[in-house]
Amino acid sequence: MRNINKFLSILLMAGMLSACAAPADKQPEINNHDSQNNAAQDENKASDVYEYHGEMNAQFNGRSFTLEAAPKSSVEELVVNNYYYDIASEYDKLSDLYGDNEALKISAANEKKNFDEGIYVKDYVIHEVTTLTQNEIDALLAEHIQADIDQYSLSETAVVKADIDFVWGEDAVGAQIDSGRYPRIFLCGKVNTDDDWLIYEIYWGEMYGY
């Protein structure tokens, strides 16, 4: 009996030592790209209280704006306004939508210059704006997005896809891209939590298979 008790004690001690030696479950790493859509998810959680009060259809001296589906969050509305202010020729407001990206602000200034010369988009149709999830972002695009998140030191981000149709006016001869239907991807973000949402980069979705 003494030997049996001794044997059981040895087994018990071995089990306790094995439990102590077992590695704890490794926690998944969370990088900026994983947190990239946290803000978008927060926006979607608040979608039951969000209401879009902007224009669905508007005319501006022969230029037309049509929004087929209302945005579901303030971030998606930001992207809608990118096209609305363009067609409404409110280029100062357009520039104010952009974060610390000099190229986008120069683009807004060029849009105003072109408009004054009679070169502009005549019709915009926004079929839909959608906040992309992590799994819906192409791997190559994700690398570019991450680089821009780092460049602008964004603490909150959301990636929004716009499905748009546009038609150039008659004087827009030799435009960089033809009239037609295109996907555009927007990196929206904040540097600080209490900042307004701004657009920090626009990507041509067709380059990434959208």
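Helices, meaning DSSP runs of H or I with at least four residues, and strands, meaning runs of E with at least two, are numbered here from the N terminus. What I am showing is a predicted model, in which local features need pLDDT of at least 70 and side-chain atom pairs count only at pLDDT 80 or more, while totals for chains, interfaces and linings use all residues. Residues are numbered from 1 along each chain as its sequence is written, and side-chain values use heavy atoms, with hydrogens and water left out.

The protein chain has seven helices and six strands, and from the N terminus on these run α-α-α-β-β-α-α-α-β-α-β-β-β. Of its 210 residues, 40% count as buried, which is to say under 20% relative accessible area with a 1.4 Å probe, protein chains only.

Let me turn to helix H6, residues 102-116, whose 15 residues reach 21 Å from first C-alpha to last, close to the 21 Å expected at 1.5 Å a residue, where the expected span is 1.5 Å times one less than the number of residues. At the start of H6, a side-chain oxygen of Asn101 comes to within 3.0 Å of the backbone nitrogen of Ala103, and after the helix comes Gly118, with a positive phi near 85°.

Next, the strands, which pair if DSSP finds at least two bridges between them. Strand S3, residues 121-131, runs parallel to strand S2, residues 63-67, and is joined to it by four bridges, with Phe65 having Tyr124 of S3 as its bridge partner. With strand S4, residues 156-168, S3 pairs in the antiparallel sense over nine bridges, and there Val121 stands opposite Trp168 of S4.

Methods. A polar contact is a pair of N or O atoms within 3.5 Å; within protein, one must be able to donate a hydrogen and the other to accept it, and residues adjacent in sequence count only if both atoms are side-chain atoms. Buried means under 20% relative accessible area, exposed over 50%, partly exposed in between (1.4 Å probe, protein chains only).
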